[in-house]
Amino acid sequence: MNLFLPEAGLVIWMLVAFSILFFILAKFAWPVLLKSVSQRQEHIAESLRKADEAVKTLESLEAKGNQIIAQAQAEQLKMVQETKDLNQKMISEAKAKAEQEAAKIIEAANDQIRRERENAIKELRKEVASLSIEMAEKVLMTELANKKAQSDYVSRLLTSMEKDTPAS
């Protein structure tokens, strides 16, 4: 069992070697290692701070982007509404103009109908007058075919005219 128990001289030399190694490491290696760990810690802290700033910047940019999108949508809705209003106005104006044109056409048609009716009435009166004159001529010719009938007719006319005229 000697294998598991070291000798006293070996233990002393191991302690001396360990102490020298510990002194060298404590004097030269540990400050460098601690400085390196400290720098690494600062670098990580700085990276975390920059990441937080980047996240905040990204959030503000996202908010601005959403705001710009909302403004664009509102503007788009406004433009669509203006287009609808303009379209409605144009339709109303076209209807009004069409109604005016229709009224003018109806007025012109009514005027033309009235003129044609007046012309037809004039023509009819002329025709009636012409026919009346022809009939009167034929009636007078048959009635006044002899001299006695002519003098009787003239006497009746004179008598009728005397009755119609007032006595002065």
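I started at Glu-162, which counts as exposed at 60% relative accessibility (exposed is over 50%, buried under 20%, partly exposed in between, with a 1.4 Å probe and protein chains only). Glu-162 sits in helix α2, residues 147–164. I also checked its C-alpha distance to Ala-109, 53 residues away along the chain, and got 52 Å.

Ground rules for these notes: this is a predicted model, where local features need pLDDT of at least 70 and side-chain atom pairs pLDDT 80 or more, while totals for chains, interfaces and linings use all residues. Residues are numbered from 1 along each chain as its sequence is written, and side-chain values use heavy atoms, with hydrogens and water left out.

**Overall form**

I count two helices and zero strands (DSSP runs, H or I of at least four residues for helices, E of at least two for strands, numbered from the N terminus). The radius of gyration is 65 Å, whereas a compact globule of 168 residues would have one near 15 Å (C-alpha atoms; the rule is 2.2 Å times the number of residues to the power 0.38). The C-alpha box along the principal axes is roughly 200 × 45 × 20 Å. Buried residues make up 1% of the 168.

**Salt bridges**

I found four salt bridges in the structure (a side-chain nitrogen of Lys or Arg within 4 Å of a carboxyl oxygen of Asp or Glu). Glu-46 meets Arg-49 at 2.1 Å, N to O, and Arg-49 also bridges Glu-53 at 2.4 Å. Both pairs lie in helix α1, with Glu-46 and Arg-49 three residues apart and Arg-49 and Glu-53 four apart. Glu-46 is partly exposed at 30%, Arg-49 at 38% and Glu-53 at 40%.

Then I looked at Arg-114 and Asp-111, whose closest N and O atoms are 3.7 Å apart. These two are also in helix α1, three residues apart, about one turn. Shared partners join Glu-46, Arg-49 and Glu-53 into one network.

**Patches**

Which residues gather in a patch of negative charge on the surface? They are Glu-123, Glu-127, Glu-134 and Glu-137 (patch members have over 30% relative accessible area and no salt bridge; like charges are joined within 9 Å, nonpolar side chains within 5 Å). Glu-137 is in helix α1, residues 8–143, and is partly exposed at 48%.

I noted a nonpolar patch too: Ile-12, Trp-13, Val-16, Ile-20, Phe-23, Ile-24 and Phe-28, with about 790 Å² of accessible area together (Shrake-Rupley, 1.4 Å probe). Phe-23, in helix α1, is exposed at 57%.

Technical notes:
Lys, Arg positive; Asp, Glu negative; His and termini not counted. Charge placed at Lys NZ, Arg CZ, Asp CG, Glu CD.
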